[in-house]
Amino acid sequence: MNIWVDADACPVVIKEILYRAAERTKTMLVLVANQRLSYPESNYIRGLQVGRGFDVADNEIVKLAQPNDIVITADIPLAADVLNKGCCALNPRGERYSQDSIQAQLTMRDFMDTLRGSGTHTGGPPPLNQTDRREFANQLDSLISKVKRKTTQQPNGS
């Protein structure tokens, strides 16, 4: 199992939580971005710099992620793509994406995009607060535990 991070837009405080979780759980963390990243030296943390361009990092995550991997992203279309591959997806506020809700989230995203395109100011999300950080850390730990249990219970070849 790997944890993939859509790192270009991931808040620093969330990356710090991810670094600690990777070390603590001995889980490979891959930060994917189209710019050079700095991160702690670790056997469990690496960066993957991709070319510049629209959705280049997202497309690389979709290409490389495997079933049961965890993807950290605020990008709803990326979340939908990795859910379809059998991955788990979590946003930086600790909200899990699911097959049950992703279509509604995509529809709302497209609607808001249309509003912004027509000149309507829709505002953005509020800054991350301590509750968001705690929720993210709790959900991440829960997902890592769940996936590790699941993958160790699978018979060989599955």
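Where is the place of N68? I found N68 in the loop between helix 2 and strand 4.

**Ground rules**

I am working with a predicted model, where local features need pLDDT of at least 70, side-chain atom pairs count only at pLDDT 80 or more, and totals for chains, interfaces and linings use all residues. I number residues from 1 along each chain as its sequence is written, and side-chain values use heavy atoms, with hydrogens and water left out.

**Overall layout**

I looked up the elements and got 5 helices and 6 strands. Helices (H or I, at least four residues) and strands (E, at least two) are DSSP runs, numbered from the N terminus. Read from the N terminus, the order is β-α-β-β-α-β-α-β-β-α-α. The protein has 158 residues, and 37% of them are buried. For me, buried means under 20% relative accessible area and exposed means over 50%, with partly exposed in between (1.4 Å probe, protein chains only). The protein exposes about 9100 Å², with carbon and sulfur atoms supplying 50% of it; the areas come from the Shrake-Rupley method with a 1.4 Å probe, and for residues only the protein chains shown count as cover.

At 10% relative accessibility, N68 counts as buried. K26 is not a glycine either, and has a positive phi of about 55°. I placed K26 in the loop between helix 1 and strand 2, and K26 is exposed, with a relative accessible area of 55%.

**The cores**

Next I checked the nonpolar cores, each a set of buried Ala, Val, Leu, Ile, Met, Phe, Trp, Tyr and Cys residues joined through side-chain atoms within 4.5 Å. The largest has 24 residues, of which I3, V5, L18, I72 and L140 touch the most other members. Two or more residues each come from strand 1 (2-6), helix 1 (12-25), strand 2 (28-33), strand 4 (70-72), strand 5 and helix 5. Helix 1 gives the most, 6 residues.

**Helix 2 and D58**

Which residues of helix 2 are buried? I listed A57, D58, E60, I61 and V62. They pack against strand 1, strand 2, strand 3 (45-49), strand 4 and helix 3. D58 sits in helix 2 (residues 56-64) and counts as buried because its relative accessibility is 9%. Not counting residues up to four places away in sequence, D58 touches D6, D75 and L78.

**A80**

I found A80 in helix 3 (residues 76-84), buried at 9% relative accessibility. A80 and Y97 are 17 residues apart in sequence, yet 8.0 Å apart in space, C-alpha to C-alpha.

**The second largest pocket**

Last, I opened the second largest pocket, with a volume of about 190 Å³. A pocket here is an open set of points on a 1 Å grid over the protein atoms alone, where a 1.4 Å probe fits, with protein on both sides within 12 Å along at least five of seven lines; lining residues have an atom within 4 Å of a point. The volume is the space filled by probe spheres set on the points, which are joined across faces, edges and corners. Of its 14 lining residues, L83, C87, C88, L143 and K146 are the closest to the centre. Helix 5 supplies the largest share of the lining, 4 residues.

Note on methods:
Contact means heavy atoms within 4.5 Å.
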